[in-house]
Amino acid sequence: MDRRKFLGGAASASLLALGQQPWAAVAAEPAKGPLLLNRIGPSASQIFIANADGSDERKLIDSGTLDYNASFSADGQWIVFTSERDGLGNSNLYRARTDGTQVERLTDGSAVEDAAALSPDASKVAFVGTRDGMLANIWLLDLKTRTLKNLTGVKGIQGRADSPNGFFRPSWSPDGQWLAFSSDRDTEWKGHHNGAGWEHTQELSIYVIRADGTGFRKVSSRKDYCQGSPKWSADGKRIVFYETQAEYTYWVLRPDLLLKIDSQIVSVDVASGERTEHTSGPGFKISPQYLGSDEIVYRRKGGPEDGLYSTAPGKAMVKIAGLRTPAWSPDGKRVVYEKFTWRGWKQNQALYSWEAGREYRYTDVWPAFSKDGWMVLTAKHEDGSVDVMRADGSERRRVYDVTQQSGLDLTLVKRGLAGAFFPVWSPDGEWIVFGVGEWFTQRGKGRAKLMRVKRDGSGLEQLTDDSVFNAGFPSYSADGNEVVFRIANQDPSSASLGGLAVLNLETRKIRHITRGYDNMPIWSPDGSRILFNRGVRNPDSIWSNFDLYTVRPDGSDLRRLTDHPASDGHPVWTADGKQILYNSGQAGYRDEACHYDQTFQPYGQVFVMNADGSGKRQITDSIWEDSTPQYVPPGAR
């Protein structure tokens, strides 16, 4: 199958799997210019192998792109791993000898294929795949016949259609008869910080299933906790895993929060469910594995204590700088792992394309185009300033410098919590409007104001003052006379939002048009409607679900466009106003959240729909967070 045609054919199956009806045909697309999107992920990753004590470290696999999630075969002769050598974002499975030779492709598809584990007799590979319905399931690949079987994507194993439904990190029992894995099936879409956050937490339990698809059952679970990365004991009687509070599955993604949380290494008796905690105390412990009959090894993640540990008395910590997702050889003598590089990608870096005839390219955040084809964006990867450039990234220049002009705390800027955000062109292309201040978790504490500047960097003008506590995310009306924006309330404990408002640029009067928990308003190209994101109150939560709406500029005729229990955001109109691009969590996690680094919402994918909310379809399928999409319009190519 042509890998770039995969998602188009799978769209209806995807949404049926999510419990929805097939969508109407998508409106005719504009000419297929490139899709720009921001992706939070490493710029490179290489696989290394070393002795278990950290000595003799050497690079095993380096394809020049991303290679990760490696593990040993039962005989210690092979290593299976994931690689994006077909294009950044497209993950396929490979294997190689432990000296790095005889590299062999195992899968070839457009879907996510990751976290592979070879069966003890090396005849099959269990892995996580999204090729049937775009949800993460456990698959089996027969290496002789090359036949595929979806073990978990069947009735009786799939959970509720409106709940998370991911299956992760498979592990073979020593006799090759069973697989253990983690899953968030039948849990809730719950935001962090007691449901207030846009990003979701992940509650996982441990399950087993026979390799023939029978015997599915839960072997360990704990309400409001995450249990992940199961591995079997040598005698097949116990399964070990890490355990942490579900709330911490968001904290672990943030370098500033990681050192404040902990997890423990736990095992259960497969037959009885009897539970043993093998560790205690601080530190985030992950990637456990049995060595021999009773020794358990694992990684402590983050900070100066990051390293490899053992439950065996007197065994010293092994320090290997930059190590991620370690896996030990069956004899315990070697360890394989990857190291990420976080240099960031260049503007317009080529990405894997899931759509025939359309290039996908990386962009810094919130790109927007003028009618004469120039692009503006927030240089968040650098310092949160505003840059303009040609669509291909050439002739780039800075029109607002946060480090020189904003007076913001540069520590907050470096953390992505302050800067010049969401720049948008005026209809005539002469002005750029944006917000300058403190954002996200800081917005209830710090101030923000609307600014505009001419396209050459001159004429800088402040549009709002402290009478609006925190004004941000502005967008011009089609006639250029008004700017819509969102208001944040002064509330240090909640960073609450106070609806949308419209500023008349001539009179400087402000009128409220909504009073909800609303954000990221975008005026339609014809000026008739305003698209925005709204937090919707759910029972026992603050704002646990976020959906997309439109409203008329006078605040009338509110229309809801999305209603999935997962969060939708980052919406933008296409240049002709016929479609909407957005980011959604409805396809769920593609891995256990605790294995990600330096991100916010690792499961978000890009979708497109018609302007009335019909015709929804997913147009990215990576393991990373894809967001802030924008088609390059015809005039900019």
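Strands β43 and β44 form a hairpin with 5 residues between them. In the turn, Gly577 has a positive phi of about 75°. Strands here are DSSP runs of E with at least two residues, and helices are runs of H or I with at least four, both numbered from the N terminus. Strand β43 spans residues 568-573, and strand β44 spans residues 579-584. The two run antiparallel and are joined by 4 bridges. Strands count as paired if DSSP finds at least two bridges between them. Buried means under 20% relative accessible area; exposed means over 50%, and partly exposed lies in between (1.4 Å probe, protein chains only).

The model is predicted: local features need pLDDT of at least 70, side-chain atom pairs count only at pLDDT 80 or more, and totals for chains, interfaces and linings use all residues. Residues are numbered from 1 along each chain as its sequence is written, and side-chain values use heavy atoms, with hydrogens and water left out.

The protein has 5 helices and 47 strands. Its radius of gyration is 25 Å, close to the 26 Å that the globule rule gives for 637 residues, so the protein is as compact as a globular protein of that length. The radius is taken over C-alpha atoms, and the rule is 2.2 Å times the number of residues to the power 0.38. Along the principal axes, the C-alpha atoms fill a box of roughly 80 × 50 × 50 Å. Of the 637 residues, 63% count as buried.

An open sheet of 4 strands has the order β25-β26-β1-β47. Its pairing is mixed. The edge strands, β25 (350-351) and β47 (625-631), each pair on one side only. Strand β25 pairs with β26 (residues 360-362) in the antiparallel sense, over 2 bridges. Here Ala350 stands opposite Arg361 in β26.

Aromatic rings were then examined across the whole structure, and the search finds 27 aromatic pairs. Rings of Phe, Tyr and Trp (its six-membered ring) pair if their centres lie within 6.5 Å; planes under 30 degrees apart count as stacked, over 60 as edge-to-face and the rest as tilted. The rings of Trp366 and Phe422 have centres 5.9 Å apart and planes at 70°, so this pair is edge-to-face. The pair links distant parts of the chain, 56 residues apart: Trp366 lies in strand β27 (residues 365-369) and Phe422 in strand β31 (residues 418-425). Trp366 counts as buried at 10% relative accessibility, and Phe422 counts as buried at 4%.

Phe532 and Tyr549 give a stacked pair, because their ring centres are 5.8 Å apart and their planes lie at 20°. Phe532 is in strand β40 (residues 530-536) and Tyr549 in strand β41 (residues 545-551), 17 residues apart. Phe532 is buried at 0% relative accessibility. Tyr549 is buried too, with a relative accessible area of 7%. The charged end of Arg534 sits over the ring of Tyr549, 5.4 Å from its centre. A charge sits over a ring if NZ of Lys or CZ of Arg is within 6 Å of the ring centre and within 35 degrees of the ring normal. The charged end of Arg95 sits over the ring of Trp78, 4.5 Å from its centre.
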